[in-house]
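This report describes a protein structure through its charged residues, its fold and its surface. The sequence and the model are shown first.

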Amino acid sequence: MIILGIDPGTATTGYGLVKYENEEVKALDFGSIRTSADLEPEQRLKEIHEDIKSLIDKYKPKALAIESVYFFKNAKSAIPVGQARGVAMLTAVENNLEVYEFTPLQIKMAMTGYGKAKKKQVQKMVKEHLDLEEIPKPNDAADALGAALC
């Protein structure tokens, strides 16, 4: 089974694809979707949609695992993240993927066993779980792989 993990954002959306087979998991691809600040918000969302659709078409995942937004200190940053989440979830549903949401706490617990783990600890464990040579870059991709591993 192939799972697409997403760490949503309007400027940068991290993605990570993992394949579970014969009780083993491996990373297929990871990276980020970056949109230009010069674009109108709706054009940025369209770009995110098109890039996620391309990943779905290429890898044929069965599920989308996405980081949920449950707390933000700043509504100005929460709204664009929520919009990017909505686009990713809609793209998944349009392509018949099951959608699973995980809070940052759940991802940290799954990766490290500790819900208040630091970002670097989570990234190190993602690297270990996937037997990668280096911590996945950018950070958004590591977070997306963490969601997919959940």
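## A salt bridge at Lys 19

Lys 19 counts as partly exposed, with a relative accessibility of 25%; here buried means under 20% relative accessible area, exposed over 50%, and partly exposed in between, with a 1.4 Å probe and protein chains only. The side chain of Lys 19 meets that of Glu 21 in a salt bridge, at 3.7 Å from N to O. A salt bridge is defined as a side-chain nitrogen of Lys or Arg within 4 Å of a carboxyl oxygen of Asp or Glu. Glu 21 is likewise partly exposed, and its relative accessible area is 46%. By this rule the count comes to 6 salt bridges.

## Basis of the description

The structure is a predicted model, in which local features need pLDDT of at least 70 and side-chain atom pairs count only at pLDDT 80 or more, whereas totals for chains, interfaces and linings use all residues. Residues are numbered from 1 along each chain as its sequence is written, and side-chain values use heavy atoms, with hydrogens and water left out.

## Overall architecture

The protein contains 5 helices and 5 strands. Helices (H or I, at least four residues) and strands (E, at least two) are DSSP runs, numbered from the N terminus. In that direction, the order of the elements is β-β-β-α-β-α-β-α-α-α. The radius of gyration is 14 Å, close to the 15 Å that the globule rule gives for 150 residues, so the protein is as compact as a globular protein of that length. This radius is taken over C-alpha atoms, and the globule rule is 2.2 Å times the number of residues to the power 0.38.

The C-alpha trace spans about 40 × 35 × 25 Å along its principal axes. Of the 150 residues, 41% count as buried. Contact means heavy atoms within 4.5 Å; among contacts between residues at least 6 apart in sequence, 58% join residues at least 24 apart.

## Surface and charge

The accessible surface comes to about 8,500 Å², and 51% of it belongs to carbon and sulfur atoms. These areas come from the Shrake-Rupley method with a 1.4 Å probe; for residues, only the protein chains shown count as cover.

There are 20 positive and 22 negative side chains, and the centres of the two sets lie 5 Å apart. Lys and Arg count as positive and Asp and Glu as negative, while His and the chain ends are not counted. The place of a charge is taken as NZ of Lys, CZ of Arg, CG of Asp or CD of Glu.

## Arg 85 and the link to strand 5

Arg 85 forms a salt bridge with Glu 101, in which the closest N and O atoms are 2.3 Å apart. Arg 85 belongs to helix 2 (residues 75-94) and Glu 101 to strand 5 (residues 98-102), so the pair ties together parts that are 16 residues apart in sequence. Arg 85 is buried, at 13% relative accessible area, whereas Glu 101 is partly exposed, at 44%. Not counting residues up to four places away in sequence, Arg 85 touches Pro 8, Ile 66, Glu 67, Ser 68, Val 69 and Glu 101.

The side chain of Asp 143 meets that of Lys 119 in a salt bridge, at 2.7 Å from N to O. Lys 119 lies in helix 4 (residues 119-129) and Asp 143 in helix 5, so the pair ties together parts that are 24 residues apart in sequence. Lys 119 counts as partly exposed, at 44% relative accessibility. Lys 127 also lies in helix 4 and counts as buried, at 19% relative accessibility. Leaving out residues up to four places away in sequence, Lys 127 touches Leu 132, Glu 133, Glu 134, Ile 135 and Pro 136.

## Arg 34 in strand 3

Arg 34 is placed in strand 3 (residues 24-34) and counts as exposed, at 52% relative accessibility. Neighbours within four places in sequence aside, Arg 34 is in contact with Ala 11, Thr 12, Glu 47 and Pro 138. The C-alpha atoms of Arg 34 and Thr 13 are separated by 6.6 Å, with the two residues 21 apart along the chain.
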